[in-house]
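Dear colleague,

Please find the structure below, together with its sequence. My notes on it follow.

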Amino acid sequence: DNVLDKFNGAHSKTYIINGETKVFFSIGELAKALGRKPVTLRMWESRGWIPKATYRTPKPRGAQIPNKSVQGRRLYSLEQVTFLVEASETFGLNTPDPKWDQFRKHIKNNYPK
């Protein structure tokens, strides 16, 4: 059973971080893996339900939105995506009776760096 089979067709990209090749997913691909929309994950992050992205792409160059701070795109490691997908299943986030409090506590206490 390939771990990527659980990700609803989400695609990863590899980046080299400190000389080590790592597998990452964008927020859009994480959303796909969770059966959600990226805007939902950004809301979860803003409410503190999931940690802010540990990794980001480099800041873009050139014209940007005026008066908006520029950051790179959010990147989530394979370990983080696997953890969130398994937590989503464990706490029934895509069921009529999700266990949100338990999900948030689990994320807070166990989220991989």
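In these notes, helices (H or I, at least four residues) and strands (E, at least two) are DSSP runs, numbered from the N terminus. This is a predicted model, in which local features need pLDDT of at least 70 and side-chain atom pairs count only at pLDDT 80 or more, while totals for chains, interfaces and linings use all residues. Residues are numbered from 1 along each chain as its sequence is written, and side-chain values use heavy atoms, with hydrogens and water left out.

Overall form

The protein chain contains four helices and four strands. Read from the N terminus, the order of these elements is β-β-α-α-β-β-α-α. The radius of gyration, taken over C-alpha atoms, is 15 Å, close to the 13 Å that the globule rule (2.2 Å times the number of residues to the power 0.38) gives for 113 residues, so the chain is as compact as a globular protein of that length. Along the principal axes, the C-alpha atoms fill a box of roughly 45 × 35 × 25 Å. Of the 113 residues, 33% are buried, meaning under 20% relative accessible area with a 1.4 Å probe, protein chains only. Among contacts (heavy atoms within 4.5 Å) with a separation of 6 or more, 48% join residues 24 or more positions apart.

The four strands form an open, antiparallel sheet in the order 1-2-4-3; two strands pair if DSSP finds at least two bridges between them. At its edges lie strand 1 (13-17) and strand 3 (55-56), each pairing on one side only. Strand 3 is joined to strand 4 (residues 74-77) by two bridges, in the antiparallel sense, and Tyr55 has Leu75 of strand 4 as its bridge partner. Helix 3 (residues 78-90) packs on the sheet, where it touches strand 2 (20-26) and strand 4. The direction of helix 3 makes about 80° with that of strand 4, on axes fitted to C-alpha atoms, for helices over the stretch in contact, with angles running from 0 to 180 degrees between N-to-C directions.

Helix 1

Helix 1 (residues 27-34) has six of its eight residues buried, so it is largely enclosed by the rest of the structure. The buried residues are Ile27, Glu29, Leu30, Ala31, Ala33 and Leu34. Their cover includes strand 2, helix 2 (38-46), strand 4 and helix 3. After helix 1 comes Gly35, with a positive phi near 70°.

Yours sincerely

Key:
Buried means under 20% relative accessible area, exposed over 50%, partly exposed in between (1.4 Å probe, protein chains only).
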